[in-house]
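Hi there,

Here is the structure I promised to pass on to you. Please have a look through it, and then read my notes below.

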Amino acid sequence: MTKHWVAPRFGGSEVLEYVDTEVAPPGPGEVTIDVRAAGMNPADTKHTRQGDPSDLPIPVGYEVAGVLSALGPGTEIASGGGAVGDEVLAFRIAGGWAERVTVPAADVFAKPARLGFAEAANLLLAGATAADMMRVTRTEGRDTIVVHGASGAVGVALLQLLRPLGARVIGTASERTADTVRRHGGEWVAYGDGLEARIRSLAPAGVDVALDCVGSDEAVDVSLALVADRSRIVTIAAPGRAEQDGFTAIGGAQPESKAFRDAVRQRLVDLAAAGQLTVPVARTFPLADARAAAELLESGHPGGKLALVP
């Protein structure tokens, strides 16, 4: 028996329970991972809040890093090969907040040696989301881009993915996290009253693209005011405003986004292996303290990525 976290009923962190479970041995096309760190994302508890009652209890956690402990017959991981004892990361899986998981080998990749387990466990959801935002807005090196929430997990990934393009990136964030934006190649601007005017003063020639990781009315209103072409505005946090105002909202469950995010995983792993994509981890928690960690995550102010360590 191993421990894992589930939502036995719909709700947020308050409904989570730490339970014993049997982990099935891997069949063909599957591997078992002894988890060394489980990534934490807002989506982890967002998807436990509603759904089909027949899906209960819902296993929690989309990404992990750990060590292969078993492989199904004739099975290789997505990046090729794989043997017991290899260090790996996995995304998109179900039930990652656990001591051990059996998952499809197609979702498992060799862990870059330069990444610790906590960093590796938080690489792919944020990175794939950032890459998807760039895809739908057709970002180019000649663009001037505003990233709302540039010091958060997806924002930092965006800054790093945009940097090699040579695009000019203006990142909104609090003064407390201004250095994070600058360190990753963005021009920091404080959010709050007067944001539109501050951005216009930095970019008098205009803004081509707005990438919203926040979902606030301020972020949306400023994006609409600055960017003439609404097909070059995207949000991951304000779907209602996107529908109302005629711009794009994306999510990992959308078929086109899901296919793209799955396809881009190896490229993101390769960038991390080359030192071109890093993951700032603010804090780790014992796996048994996942509920407290999730409460911090839900507060909206975790200060960086969080990880659960069995």
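A word on naming to begin with: helices (H or I, at least four residues) and strands (E, at least two) are DSSP runs, numbered from the N terminus. This is a predicted model, in which local features need pLDDT of at least 70, side-chain atom pairs count only at pLDDT 80 or more, and totals for chains, interfaces and linings use all residues. Residues are numbered from 1 along each chain as its sequence is written, and side-chain values use heavy atoms, with hydrogens and water left out.

**Backbone details**

Arg92 sits in the loop between strand S6 (87-90) and strand S7 (100-104). Another cis peptide bond runs from Leu56 to Pro57, with omega near -10°. Pro57 belongs to the loop between helix H1 (42-46) and strand S4 (58-59).

Arg138 is worth a look too: its phi is positive, about 60°, although it is not a glycine. You will find Arg138 in the loop between H3 and S9. With a relative accessible area of 41%, Arg138 is partly exposed (buried means under 20% relative accessible area, exposed over 50%, partly exposed in between, using a 1.4 Å probe and protein chains only).

**The cores**

A nonpolar core here is a set of buried Ala, Val, Leu, Ile, Met, Phe, Trp, Tyr and Cys residues joined through side-chain atoms within 4.5 Å. The largest one has 44 residues, and Leu123, Val147, Leu158 and Leu211 touch the most other members. Two or more residues each come from helix H3 (124-137), strand S9 (144-148), helix H4 (153-162), strand S10 (168-173), strand S12 (209-212) and helix H10 (265-273). H3 gives the largest share of this core, nine residues. There is also a second, separate core of 31 residues, with Ala90, Leu287, Ala294 and Leu306 among them.

Contact means heavy atoms within 4.5 Å. Leaving aside neighbours within four places in sequence, Leu211 is in contact with residues including Met133, Ile145, Val147, Leu158 and Val234.

Thr144 lies in strand S9 and, at 13% relative accessibility, counts as buried. Not counting residues up to four places away in sequence, Thr144 touches Arg168, Ile170, Ala203, Gly206, Val207, Asp208 and Val209.

His4 is part of strand S1 (residues 2-7). His4 is buried as well, at 15% relative accessibility. Its contacts, again not counting residues up to four places away in sequence, include Glu17, Tyr18, Trp97 and Ala98.

**A pair of helices**

The axes of helix H6 (residues 195-202) and helix H7 (residues 217-226) come within 10 Å and cross at roughly 40°. These axes are lines fitted to C-alpha atoms, for helices over the stretch in contact, and angles run from 0 to 180 degrees between N-to-C directions. H6 and H7 are therefore oblique to each other (angles under 35 degrees count as roughly parallel, over 145 as roughly antiparallel, 65 to 115 as roughly perpendicular and the rest as oblique). Leu195, Glu196, Ile199 and Arg200 in H6 meet Glu218, Val222, Ala225 and Leu226 in H7.

Finally, Ala274 is in the loop between H10 and strand S15 (281-286). Ala274 and Pro112 are 162 residues apart in sequence, with 8.6 Å between them in space, C-alpha to C-alpha.

Best wishes
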